[in-house]
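Work through the exercises below with the model open. Each task is followed by its solution.

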Amino acid sequence: MKKWTSSLAVLTLLCSFTLAQPARAFVGFWTGNIGLTMAGLVVAVAPMAADAMNEQKPSSFSLFSALVGVVLMDGEAGQKLKFVTVGDEVAANLGLTSAEVAAYNAETAELNQVFEAVSSDLDRMEKPSVETSAATWQQYEGAVSADAISAARKIATQLIAE
Amino acid sequence: MIRFVLEFARGLAGVAEGLARAPLSPIFWIFCALALGALPALPAGAAPAVPTVVLLTSLQTPSVWYRSKNWKIGESLEEPFRQAYEKSGYAIRVVHEAGPRQLAEVLQSPETIGVFWVGHSGSSSTTDGKAARWDDAILDIHGNDLKEIFQRIHPNVKWLGVVGCNAAPIFDHFRAQGFYRSNESLRIQSFDSKVDALGGLTSLLNESVAILGDPARSWTINKGDDTWSRYPNVVARADLMTPPERTDCVRNRGIPLRIIRETRSDSDLVLLWQGRFLGILSADAPDTSLPEVTVYLDEAFFGRSKLKIKALRTHRGEANVAMPPFSLRFESALDSEGWQVFSDSRGNPIGTWSQLYRYTGDLPAVPFVEFEPFRCTD
């Protein structure tokens with residue numbers, strides 16, 4: 001009996017998905033709004049897709065789950081989604097031009113910085129949506145090169161399509 | 001009673017007489033001087049450091065119905081650690097609710113010989129071949145990702161045990177990138193699956209015996225026995241009690257970079273260079289001076305096309321409240337004006353909990369200087 005009660009007390013699964021206090025804002029911005037952030041990047045060049053996206057996914061969590069195929073518990077994820085550099089094979093699968101690849105690989109740090117900023121802006125909104133996400137992305141237009149943004153949008157589009 | 005006092009006094013008198021008749025031997029007087037503290041017994045700072053085994057926990061305490069409200073999960077984790085190491089001969093140290101600064105200090109201390117870290121973590125291998133992936137993370141109690149801090153571990157550390165879900169791939173990745181080339185005798189043990197706090201710590205304590213324990217005098221929990229509630233008992237290895245010679249101190253080459261914080265804040269800043277841990281810029285500074293730190297851009301990782309430094313806050317402030325930007329100044333052999341913060345069209349730094357600094361100046365033939373990435377035992 002002793003061993004079971006002791007184990008129960010500290011049977012804390014040490015996964016990044018199991019923080020004890022839910023819905024902390026700094027964690028929340030990496031969960032529910034990640035999907036909106038990624039969707040806004042796509043919609044910024046395809047605004048007509050916004051309605052379709054809003055219809056398909058009523059909640060940011062289900063949108064996020066559909067986007068990346070992962071099930072997250074509300075406000076409990078500590079991992080961040082980030083852009084990483086691509087090699088020739090991945091670039092070819094994504095249909096990236098050589099200019100897009102060069103720019104994207106050189107500016108992944110900047111893209112992730114903008115991604116963080118957009119996500120946190122959405123987190124402070126009362127009712128974030130795909131449209132507000134797209135508008136927020138446009139506020140940072142010019143901070144990253146057009147080729148890098150174009151590559152990021154193709155990446156986000158493929159992510160959504162999967 | 002009176003007789004006892006008289007006899008005692010007589011004895012003291014005899015000792016005094018004997019001392020008065022003692023030959024004026026130099027040995028005698030040196031002994032007296034030492035006894036009186038007239039001479040230092042040992043040169044200052046020469047006391048040998050005792051190797052230290054450290055437990056760091058960084059977990060929120062879960063709500064358990066039969067536990068008191070004052071119970072902390074760290075207490076339950078501290079118990080097996082103490083049972084294993086308190087009488088080992090090593091010094092031990094426990095840090096609960098550890099953050100970036102505490103972790104860095106322990107991992108880089110020459111006195112540290114073994115480290116146990118307990119905290120949430122996660123890694124992702126499901127996005128191989130993708131251009132966007134879930135970043136690996138080793139989290140502290142406040143949600144700060146500390147994984148890069150684990151890149152820099154003092155060569156004196158022989159054991160690192162990390163209790164966290166799926167943390168093992170993170171260290172495999174670091175090793176493949178060359179971060180542990182100065183840690184030939186370091187054993188890193190973690191998990192590549194989900195793990196619970198107490199079970200994981202117990203398992204790692206057991207495994208640490210093979211590295212830190214004298215095999216003849218230490219004992220481990222034997223599998224199959226009903227010893228679930230017992231913990232290993234470690235007796236220190238004699239060869240690990242002796243600090244390494246100064247000549248074993250690691251020396252690298254790099255470009256020194258002095259980073260000064262131009263505004264005071266309540267948050268430390270973790271500094272990363274292209275995903276590599278550079279250092280921590282403390283929020284504090286003595287007197288009225290500004291906080292600053294000197295870091296080195298290691299020659300081994302230096303590439304002329306990638307000079308970007310990311311500064312991450314460790315204190316996140318109030319929820320849903322935008323935090324004011326901070327300002328850093330860089331001083332080095334490079335053009336100080338060449339460091340620019342990544343900003344939007346209005347000049348506002350982009351990023352809520354971090355800021356990205358990029359070097360846009362000229363890159364002259366800057367000489368690399370020798371530096372010691374780790375503090376060596378004196």
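**Exercise 1. Count the cavities and describe the lining of the largest one.**

The structure holds three cavities of 30 Å³ or more. A cavity is a set of points on a 1 Å grid over the protein atoms alone where a 1.4 Å probe fits but cannot get out; lining residues have an atom within 4 Å of a point. The model is predicted: local features need pLDDT of at least 70, side-chain atom pairs pLDDT 80 or more, while totals for chains, interfaces and linings use all residues. Residues are numbered from 1 along each chain as its sequence is written, chains are lettered from A in the order written, and side-chain values use heavy atoms, without hydrogens and water.

Next, the volume: about 60 Å³ for the largest cavity. Its lining includes A:Trp137, A:Tyr140 and A:Arg153. Five lining residues are nonpolar, one is polar and two are charged.

**Exercise 2. Classify the ring pair B:Trp117 and B:Phe150.**

Rings of Phe, Tyr and Trp (its six-membered ring) pair if their centres lie within 6.5 Å; planes under 30 degrees apart are stacked, over 60 edge-to-face, the rest tilted. The count is 16 aromatic pairs over all chains. For B:Trp117 and B:Phe150, the centres are 5.9 Å apart and the planes at 80 degrees, so this pair is edge-to-face. The two residues are 33 residues apart in the chain. Both B:Trp117 and B:Phe150 are buried (under 20% relative accessible area, 1.4 Å probe, protein chains only).

**Exercise 3. Classify B:Phe330 and B:Trp339.**

The centres lie 4.6 Å apart, with 20 degrees between the planes: stacked. B:Phe330 is buried at 2% relative accessibility, and B:Trp339 is buried at 8%.

Terms used:
1 Å grid on protein atoms, 1.4 Å probe; cavity = no way out; pocket = protein on both sides within 12 Å on 5 of 7 lines; lining within 4 Å. Points joined across faces, edges and corners; volume = space filled by probe spheres on them. Nonpolar A, V, L, I, M, F, W, Y, C, P; charged D, E, K, R; others polar. Helix = DSSP H or I, 4+ residues; strand = E, 2+ residues; numbered from the N terminus. Buried < 20%, exposed > 50% of the residue type's maximum accessible area, 1.4 Å probe, protein only.
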